[in-house]
Amino acid sequence: MIHARHVSRGRDATVFGWDSEYIDIIDDVEIQDDEHLVTKTTSSCFPDMRLSDILQRNGIETMVCTGLLSFSCVDTTARDAAARGYETKYVEDATAAFPLDGYDPEEITETVATIQDLVFSDVVGTDGIVNQF
């Protein structure tokens, strides 16, 4: 398992700054000794070559994408994974958004999942992905 967190490039950023509570991994998630944490500064996890190195070194061919934000980080990482030839699973009910300019977060997540399913990923639910692995 590879966990990712987003940190803004600028040290003075307020939301995803190095001192922000929003970059912390939530308490319910304990990163195990055989798992990895990638800290990223862009929407996708791939520009930091560490992710590619981890995937290649471990012979991983399938990316399972979950998290926040469905319309940004998760979507971009899934697109980049597909472009790099990984079998990509986008777990719709394990992604979320926040209200954006008056748009409903659930509608945003559904729209992103529809596009992912049409073009980039195999869109699945948590029950389906748990049964696959």
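Student: Where does Asp 101 lie?

Tutor: Asp 101 lies in the loop between strand 4 and helix 3. Keep in mind that this is a predicted model.

Student: What makes Asp 101 count as exposed?

Tutor: Its relative accessibility is 74%. Exposed means over 50%. Asp 101 therefore counts as exposed.

Student: What is the phi of Asp 101?

Tutor: Phi is about 50 degrees, a positive value, although Asp 101 is not a glycine. Most residues other than glycine have a negative phi.

Student: Which residues does a cis peptide bond join?

Tutor: Leu 68 and Leu 69, with omega at about -10 degrees. Most peptide bonds are trans. Leu 69 has its place in the loop between strand 3 and helix 2.

Student: How many helices and strands does the protein have?

Tutor: Four helices and five strands. Along the sequence they follow the pattern β-β-α-β-α-β-α-β-α.

Student: In what order do the three strands of the open sheet stand?

Tutor: The order is 3-4-5, with parallel pairing.

Student: Why is one side of strand 3 and of strand 5 left without a neighbour in the sheet?

Tutor: Strand 3 (62–68) and strand 5 (122–124) are at the edges, and each has a single partner strand, so one side of each has no neighbour in the sheet. On average, neighbouring strands of this sheet are turned by 25 degrees against each other, direction ignored.

Student: How do you know that strand 4 and strand 5 pair?

Tutor: Count the bridges. Strand 4 (residues 87–96) and strand 5 have three, in the parallel sense. Tyr 90 has Val 123 of strand 5 as its bridge partner.

Student: Which helix lies across strand 4 and strand 5?

Tutor: Helix 3 (residues 105–120). Helix 3 runs at about 170 degrees to strand 4.

Student: Why does Gln 116 count as buried?

Tutor: Its relative accessibility is 0%. Buried means under 20%. Gln 116 therefore counts as buried. Gln 116 is found in helix 3.

Student: Which residues is Gln 116 in contact with, leaving aside its neighbours within four places in sequence?

Tutor: Asp 75, Ala 78, Arg 79, Tyr 90, Ser 121 and Val 123. Tyr 90 and Val 123 are also the bridge partners mentioned above.

Student: What makes Thr 114 count as partly exposed?

Tutor: Its relative accessibility is 45%. Partly exposed covers the range between the buried limit of 20% and the exposed limit of 50%. Thr 114 therefore counts as partly exposed. Thr 114 is also found in helix 3.

Student: Why does Tyr 22 count as exposed?

Tutor: Tyr 22 has 55% relative accessibility. The cut-off is over 50%. Tyr 22 therefore counts as exposed. Its place is the loop between strand 1 (2–6) and strand 2 (36–40). Beyond its neighbours within four places in sequence, Tyr 22 is in contact with Val 15 and Phe 16.

Student: Which residues of the largest nonpolar core touch the most other members?

Tutor: Phe 46, Leu 51, Leu 55, Met 63, Tyr 86 and Tyr 90, out of 15 residues in that core. Helix 1 (49–57), strand 3, helix 2 (70–83) and helix 3 each supply at least two residues of this core. In soluble globular proteins, nonpolar side chains tend to be buried together.

Student: Which residues is Met 63 in contact with, leaving aside its neighbours within four places in sequence?

Tutor: The contacts include Phe 46, Leu 51, Leu 55 and Tyr 86.

Student: How do you know that the radius of gyration agrees with a compact globule?

Tutor: For 133 residues, a compact globule would have a radius near 14 Å. The protein has 15 Å, which agrees. The C-alpha trace spans about 40 × 40 × 30 Å along its principal axes.

Student: What share of the 133 residues count as buried?

Tutor: 33%. The accessible surface comes to about 8,400 Å², and 48% of that surface belongs to carbon and sulfur atoms.

Student: What share of the contacts with a separation of 6 or more is between residues 24 or more positions apart?

Tutor: 62% in this protein.

Conventions: Residues numbered from 1 in each chain as written. Predicted model: local features only at pLDDT ≥ 70, side-chain atom pairs only at ≥ 80, totals over all residues. Heavy atoms only, no water. Pairing = 2+ DSSP bridges. Axes fitted to C-alpha atoms, helices over the stretch in contact; angles between N-to-C directions. Contact = heavy atoms within 4.5 Å. Core = buried A, V, L, I, M, F, W, Y, C linked by side-chain atoms within 4.5 Å. Buried < 20%, exposed > 50% of the residue type's maximum accessible area, 1.4 Å probe, protein only. Rg over C-alpha atoms; globule rule 2.2 N^0.38 Å. Areas by Shrake-Rupley, 256 points an atom, 1.4 Å probe, with all protein chains shown as cover.
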